[in-house]
Amino acid sequence: MSAGKIVVYGGRGALGAAIVKYFKAKSYWVAAIDLANNDEADTCIVVSKEDNWSAQAAAVISGLEAALGTEKVDAFINVAGGWAGGNAASKDFLKSCEMMWSQSVWSSTITAQAATRFLKEGGLVSLPGALPALSGTPGMIGYGMAKAAVHQLTKSLGQDNSGLPKDATAVSILPVTLDTPMNRKWMSGADFSTWTTLEFVAELFYKWTLGTDRPASGSLVEIVTLDSKTKLVVN
């Protein structure tokens with residue numbers, strides 16, 4: 001018997017893999033959704049980046065139907081997405097906007113739709129926001145625009161008649177910089193004491209899945225780390 005069931009969208013990335021590992025250690029059944037398999041998960045649903053929005057959604061829904069049947073999960077945790085810079089004058093401006101939209105907004109709306117079918121009453125849905133997107137992002141417009149859309153989706157899901165199960169909670173996490181191997185590689189001279197550990201985020205999701213210290217539905221939760229100490233600021 002598992003302690004519970006969760007779905008991790010982006011379960012092959014650095015943060016997603018850390019979440020899968022953490023929940024598996026807590027005896028949870030875990031499904032991972034990504035562009036490739038995560039062998040630590042109990043089941044994997046692979047989406048193709050060549051597929052359009054609707055086709056990716058269909059793959060996720062059919063994969064969850066096959067894996068779950070009539071069972072429900074305790075949480076949908078979406079940590080998918082990427083980053084691209086550029087302002088409106090950039091040569092690749094439209095390309096970067098399209099990529100950011102597909103990575104963050106597509107996955108978030110698919111997560112929301114899947115949660116209406118497979119989430120338990122009182123369950124958790126978390127989507128991938130970003131702190132910079134609370135204001136203008138002139139040097140990374142595509143990224144900021146996509147993340148702002150995720151914030152709006154979260155607020156909408158947090159209100160009545162959103163389609164989510166009864167008493168479900170929808171939140172977005174808004175980290176600044178996560179302490180991942182790739183970030184350390186590309187920003188080796190940065191102050192790591194301002195970076196948030198993957199273990200902190202994984203434990204946070206575990207507590208929220210249990211209902212412990214869970215913020216109000218529709219909240220945008222800033223994750224702020226200074227001097228290697230992390231605090232949450234709920235908007």
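This is a predicted model: local features need pLDDT of at least 70, side-chain atom pairs count only at pLDDT 80 or more; totals for chains, interfaces and linings use all residues.
Reader: Which element gives the largest share of the lining?

Author: That's H3, with six residues. Helix H1 (14-25), strand E6 (169-175) and helix H5 (181-186) are among the other elements that give two or more.

Reader: Why is Ser172 called buried?

Author: Its relative accessibility is 0%. Buried means under 20%, so Ser172 counts as buried. You'll find Ser172 in strand E6. Leaving aside neighbours within four places in sequence, Ser172 is in contact with Leu127, Gly129, Val150, Thr154, Ser219, Leu220 and Val221.

Reader: What makes the link between Ser172 and Thr154 a polar contact?

Author: Their side chains are joined at 2.6 Å. The cut-off is a pair of N or O atoms within 3.5 Å, one able to donate a hydrogen and the other to accept it, so the pair passes.

Reader: And Val46: why is that one called partly exposed?

Author: Val46 has a relative accessible area of 42%. Buried would need under 20% and exposed over 50%, so Val46 is partly exposed. Val46 sits in strand E3 (residues 43-46). Not counting residues up to four places away in sequence, Val46 touches Asp34, Leu35, Ala36 and Asn37.

Reader: How do you know that Leu64 touches Phe76?

Author: Contact means heavy atoms within 4.5 Å, and Leu64 has Phe76 on its list, along with Val7, Ile45, Gly69, Ala114 and Phe118, once residues up to four places away in sequence are set aside.

Reader: What makes the set around Leu64 and Phe76 a nonpolar core?

Author: Such a core is made of buried residues of types such as Leu and Phe, joined through side-chain atoms within 4.5 Å. The largest one here has 36 residues, and Leu64 and Phe76 have the most contacts inside it. The largest share of this core, seven residues, comes from H3. Apart from it lies another core of 27 residues, including Ile19, Tyr28, Ala75 and Trp208.

Definitions and conventions:
Residues are numbered from 1 along each chain as its sequence is written. Side-chain values use heavy atoms; hydrogens and water are left out. Buried means under 20% relative accessible area, exposed over 50%, partly exposed in between (1.4 Å probe, protein chains only). Helices (H or I, at least four residues) and strands (E, at least two) are DSSP runs, numbered from the N terminus.
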